[in-house]
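Please walk through this structure with me, one contact at a time. Keep the sequence and the model side by side.

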Amino acid sequence: MATKMLRPNVGLYVATYDAFVDWTAPTLDEITDAAKVFNISPAVTDDYTLNMTDSESDDSLAIVDNASVQTPTYTNYEASFDGFRDENIAADSVYNKFRSLFAAPDVKYYLIKRVGKLHTAAFAAGDEISVYGVKTDFPIEILGDGEMIRTGARFLTTGEVRVNIDVAAGTAGSGPELKALVGTKSTSNGKIRVYWVPSDNLSGTEAAFLAAPSVADIEATGSIDLTGAIAWDGYDLGASDSNKIDDRGILDEGQVQTRGFAQFSGSLTFFRGVTSETAGAYYNAYEAFKAATDGSRPVGFLVTRVGIPAETDLAADQEVSAFKFIADAFMDNTEGEDSVKFMVNFAPQGNLAVNVDTVV
Amino acid sequence: MALAINKRTGKSVNVPEHYLGHPVLGKDLEPAGSVVKAAPKKENSKKFAKHVPDAVDGDGDGLVQDGTIWQRLANTKTEEQPAPTNIEENEE
């Protein structure tokens, strides 16, 4: 009798760009090299994407054809992982390994999927695996009210794809590396801080600030800690997938993409304080952005710190992201039974830094 | 909208007028008018010009030694007062 395979017989692994002599024919000693191949399976959420998609096709007809024709040309595939963020950012865990692997853009990897065995099962010659070549895009922070913080690893394809190929014979090593500690999931609530740093408040250049955001500039008078005034409703701030530009060479048989312009967006909903208030987070946020039509249009950086309890003071060596915006539309939100709020849309200004360490 | 200067960073910025005087948003801001220095007064170069008795109207505008303290009509004759030959005569 045929027996259906049930969950969770799947494993996801990441190999460095130099892990294989021939990526189309990985050997057992290569795929079990603990220094170059990593098991990230416990960190990846269930809605990951790592599969071929429909190939591009050609619809040329011969004169004898009596129906439509679609002949596949080059192969397509797509990859995208969301990984849980560890509550302890210093832990030697799978969650933190996932985050560190995909923290920076333009790093080449081979993503490997094995279906049919538990992710912890040792590799053996003859195991069938699928290999997908990728380059990293800017990671995105996935946040939500009552949701876990996740790191969205986004990828560009390199055209290198082989599915269901056998692992060639070799001597098994100790890999793929799997951290003993999985990690502790971290909730979004209470783990975000957002600052507004006007451009004129930077003591150095914008490039210097993006490379290493200065705590002094972020906390200087004139910059505002917006955190206490922001409502979850309508929260939208951060990087999204970069433009993916088709960029094949004549040798490429699969979809090859180059990273185009980075994309990011910002839209925040703030609580409105009572009119008698002349200080505090609500008042400051309103005062900062209320003059949307006088032509001044505040320009600055929205700086986010994610994954660290909000009450923790900003200090050096904390990971933050900074996005340059110009404050745009101001919209009152007085409907419904909830409190009065206002929304500010921020228009991106072409500069961002993702996951960079602060300096004093 | 007002032009202001951030006293901490020295950068100028356009801000809503209510920022000026705001305890947080405007603490380091100063209206640009109160801190911008007047342009330095230019030295008058005319006093350094040398008189040329037989100056030529090169640009044909009817003037010679244009823009100097010696500027005059092209046909005007000027003569330098000759230095006294006997200084003792002038000492009286």
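Which side chain meets that of A:Asp46 in a salt bridge? The partner is A:Arg7, at 3.2 Å from N to O. A salt bridge here is a side-chain nitrogen of Lys or Arg within 4 Å of a carboxyl oxygen of Asp or Glu. A:Asp46 sits in the loop between strand E2 (37-39) and strand E3 (49-53) of chain A, and A:Arg7 in the segment before strand E1 (10-16) of chain A, so the pair ties together parts that are 39 residues apart in sequence. Helices (H or I, at least four residues) and strands (E, at least two) are DSSP runs, numbered from the N terminus. Both A:Asp46 and A:Arg7 are exposed. Exposed means over 50% relative accessible area, buried means under 20%, and partly exposed lies in between (1.4 Å probe, protein chains only).

A word on conventions. This is a predicted model, in which local features need pLDDT of at least 70 and side-chain atom pairs count only at pLDDT 80 or more, while totals for chains, interfaces and linings use all residues. Residues are numbered from 1 along each chain as its sequence is written, chains are lettered from A and ligands numbered from 1 in the order in which they are written, and side-chain values use heavy atoms, with hydrogens and water left out.

Back to the charged pairs. Side chains of opposite charge can pair when their charged atoms come close. Over all chains, the structure holds 25 salt bridges. One of them joins A:Asp106 and A:Arg259, with the closest N and O atoms 2.6 Å apart. A:Asp106 lies in the loop between H2 and strand E7 (108-115) of chain A, and A:Arg259 in strand E15 (residues 257-259) of chain A, so this bridge ties together parts that are 153 residues apart in sequence. A:Asp106 is partly exposed, at 38% relative accessible area. A:Arg259 is partly exposed too, at 26%.

Another bridge pairs A:Arg297 with A:Asp328, at 3.2 Å from N to O. It links distant parts of the chain, 31 residues apart. A:Arg297 is in the loop between H5 and strand E17 (299-306) of chain A, while A:Asp328 is in strand E18 (residues 319-333) of chain A. A:Arg297 has a relative accessible area of 37% and is partly exposed. A:Asp328 is partly exposed as well, at 34%. Elsewhere, salt bridges that share partners join A:Asp82, A:Arg154, A:Asp241 and A:Lys244 into one network.

Now turn to covered parts of chain A. Helix H2 (residues 94-101) has seven of its eight residues buried. They are A:Val94, A:Tyr95, A:Asn96, A:Lys97, A:Phe98, A:Arg99 and A:Leu101. A:Thr358 is buried as well, with a relative accessible area of 0%. Its place is in the segment after strand E19 (341-357) of chain A. What does A:Thr358 touch? Leaving out residues up to four places away in sequence, A:Thr358 touches A:Pro213, A:Val215, A:Ala315, A:Ala316, A:Asp317, A:Gln318 and A:Val320. Contact means heavy atoms within 4.5 Å. A polar atom of the A:Thr358 side chain lies 2.6 Å from the backbone oxygen of A:Ala315.

Chain B comes next. It has two helices and five strands. Along the sequence they follow the pattern β-β-β-α-β-β-α. Of the 92 residues in chain B, 21% are buried. Among contacts in chain B between residues at least 6 apart in sequence, 17% join residues at least 24 apart. B:Gly67 lies in the loop between strand E4 (63-64) and strand E5 (72-73) of chain B. At 39% relative accessibility, B:Gly67 is partly exposed. B:Gly67 and B:Asn14 are 53 residues apart in sequence and 40 Å apart in space, C-alpha to C-alpha.

How do the chains meet? The contact takes 22 residues from chain A and 19 residues from chain B. Together they bury about 1,500 Å², 51% of it on carbon and sulfur atoms. Buried area is the accessible area (1.4 Å probe) that two parts lose on being put together, summed over both. Across this interface the rule finds one salt bridge. It pairs the side chains of B:Arg8 and A:Asp217, at 3.2 Å from N to O. Helix H5 (residues 281-289) of chain A gives the most to the side of chain A that touches chain B, with four residues.

How values were computed: A polar contact is a pair of N or O atoms within 3.5 Å; within protein, one must be able to donate a hydrogen and the other to accept it, and residues adjacent in sequence count only if both atoms are side-chain atoms.
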